[in-house]
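Here's a quick briefing for anyone opening this structure for the first time. Have a look at it, then read on.

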Amino acid sequence: MVNLSSYQKAIYEELVKLGYNVYDEVPEDAKFPYIVIGDIDFSEGQNNFNDLLDINLNILVWSLWEGKKEVNDILSDIINIFTNLSEKILESQSLYNFSFGNSSIKRFDGGIYNGNLALSFSIKEL
């Protein structure tokens, strides 16, 4: 049985290790920098017969640092976490096959920087 909340919890647990606030819904009083578990797209698993879902997830980083350094550093740390995470085990499923899609870093008015990391992975039944 698929449980989308369990995969989000597993992603959250990896991101919070970086020491920043991590949200799926950002409170008005959030302090910069912070990480947001963003929108997801998912489809039926296509890689092998044990795959339940293929997931595409956006991870957002928000910073008030002047320049891109802070966003770059945080995104680098996130990429390293998931590059080095070969498989995250859930109760009866695992997250695996991590890859990155088209991502970006942009500056908004007011000196706010946003990094958007497109992460893809699969959930398989154990």
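What follows is a short tour, grouped by topic.

The model is predicted, so local features need pLDDT of at least 70 and side-chain atom pairs count only at pLDDT 80 or more, while totals for chains, interfaces and linings use all residues. Residues are numbered from 1 along each chain as its sequence is written, and side-chain values use heavy atoms, with hydrogens and water left out. Helices (H or I, at least four residues) and strands (E, at least two) are DSSP runs, numbered from the N terminus.

**Two helices**

- Helix 1 (residues 4–16) packs with helix 2 (residues 69–84) at an angle of about 125 degrees, and their axes are 10 Å apart.
- That makes the pair oblique, the label for whatever is left once angles under 35 degrees (roughly parallel), over 145 (roughly antiparallel) and 65 to 115 (roughly perpendicular) are taken out.
- Axes here are lines fitted to C-alpha atoms, for helices over the stretch in contact, with angles running from 0 to 180 degrees between N-to-C directions.

- Asp-54 sits in strand 3 (residues 51–63).
- Asp-54 is buried but has no salt bridge, and the nearest side chain of opposite charge, Lys-124, is 11 Å away.
- Buried means under 20% relative accessible area, exposed means over 50%, and partly exposed is in between (1.4 Å probe, protein chains only).
- A salt bridge needs a side-chain nitrogen of Lys or Arg within 4 Å of a carboxyl oxygen of Asp or Glu.
- What Asp-54 does have is a side-chain polar contact of 2.7 Å with Ser-122.
- A polar contact is a pair of N or O atoms within 3.5 Å; within protein, one must be able to donate a hydrogen and the other to accept it, and residues adjacent in sequence count only if both atoms are side-chain atoms.

- Most residues other than glycine have a negative phi, and most peptide bonds are trans.
- Phe-32 and Pro-33 are joined by a cis peptide bond, with omega at about -10 degrees.
- Pro-33 belongs to the loop between strand 1 (21–23) and strand 2 (34–44), and at 16% relative accessibility Pro-33 is buried.
- Asn-97 isn't a glycine, yet its phi is positive, near 60 degrees.

**Along strand 5**

- Asn-97 lies in strand 5 (residues 93–100) and is partly exposed, at 40% relative accessible area.
- Ser-94 is in strand 5 too, but Ser-94 is buried, at 0% relative accessibility.
- The side chains of Ser-94 and Glu-87 make a polar contact of 3.0 Å.

Key. Lys and Arg count as positive and Asp and Glu as negative; His and the chain ends are not counted.
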